[in-house]
Amino acid sequence: MFGSQLVNENATWEGIKAVLEVMEAGRWTSVYAYDHFIPPLHRTAEIMEHELHPTLEGWSLLASVAAVTETLGLGILVSGNTYRNPALLAKMATTIDVVSGGRVTLGIGAGWNIREHEAYGWDFPSMRERSDRLEEACALIRRLFHSEGRVDFDGRYYRLRQAALAPRQGGDHPIPIMVGGTGEKRTLKTLAMYGDIMNVIASPEQVRHLTGVLERHCEAVGRDPNEITKTLHVPIRIVRDENEAREARGPNDWAMIGSPQYVIDRIADFAALGISEFTPQIRPQKPETYQELDEEVLSAFV
């Protein structure tokens with residue numbers, strides 16, 4: 001029920017391992033890394049000083065996490081589709097799935113960080129093309145995950161010719177595909193057609209609305225919406241001073257920042273809407289922060 005997205009920037013491997021030890025010993029169920037090459041702290045093409053902060057690459061980090069953990073689910077929240085050929089991404093995910101004994105979720109989104117694309121020389125297409133590419137990539141990945149033999153795929157952007165995906169751990173339980181984003185016309189439609197897990201940043205009211213949109217897309221494509229798990233990526237943080245907590249939440253009273261009971265109540269609000277996993281980024285990224293949340297919040301649910 002409770003995962004966490006690691007902070008890749010300004011993080012040491014020893015520090016991450018210390019956090020993972022607390023997570024494995026406690027009530028945490030999964031761990032994710034983010035897919036950015038510089039800290040994702042701005043959305044413009046401006047070159048900024050924080051780009052020099054050391055930032056670990058997500059999929060390499062996830063492979064390392066797989067090797068030192070035994071029970072936690074593993075994933076990237078979420079992979080930018082424009083950064084890799086989707087067949088390569090599927091191969092990377094299956095490799096880590098084999099190493100981890102079947103613990104991987106493949107998270108994917110359209111990609112949004114324009115500065116990152118410019119810095120490393122990737123094309124940054126229009127939002128429409130990125131949405132088209134995401135839909136096609138998800139179709140390709142799902143076909144690879146669900147096919148027992150070789151796969152042909154002839155899309156506008158991606159092509160496969162008798163491609164095999166082996167070895168694979170999943171067998172009768174293919175790697176689930178998490179589609180991240182709240183785009184009502186394209187992202188949720190892609191999720192309805194090819195995804196298994198929804199991941200959004202949203203208020204309870206938005207979750208209710210987006211669930212309805214997803215259900216309508218599922219009906220249009222002949223999919224049972226109950227096949228799609230709903231997950232949430234919002235902050236979870238204990239702040240015992242109410243004035244400080246109110247300031248940290250700003251206008252978003254649904255943000256899970258406050259006293260332990262306040263956080264528990266907000267989690268319950270979302271759980272009542274069908275959210276089955278929470279995937280916050282925990283700051284500060286320290287073992288004692290995770291331990292505190294485990295003992296004072298997660299214990300109310302697990």
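Let's start at T187, which sits in helix α6, residues 187–194 (helices are DSSP runs of H or I with at least four residues, strands are runs of E with at least two, and both are numbered from the N terminus). This is a predicted model, where local features need pLDDT of at least 70, side-chain atom pairs count only at pLDDT 80 or more, and totals for chains, interfaces and linings use all residues. Residues are numbered from 1 along each chain as its sequence is written, and side-chain values use heavy atoms, with hydrogens and water left out.

T187 has a relative accessible area of 14%, so it counts as buried (under 20%; exposed is over 50% and partly exposed in between, with a 1.4 Å probe and protein chains only). Setting aside neighbours within four places in sequence, T187 is in contact with V179, G180 and G181 (contact means heavy atoms within 4.5 Å).

Now hop over to D253, in the loop between α8 (242–249) and β12 (256–258). D253 is partly exposed, because its relative accessibility is 47%. Not counting residues up to four places away in sequence, D253 touches Y262 and R266. What separates the C-alpha atoms of D253 and I238? The gap is 14 Å, for two residues that are 15 residues apart along the chain.

Last stop, the lining of the largest pocket. By class, that lining has 17 nonpolar, 15 polar and six charged residues (Ala, Val, Leu, Ile, Met, Phe, Trp, Tyr, Cys and Pro count as nonpolar, Asp, Glu, Lys and Arg as charged, and the others, Gly among them, as polar).
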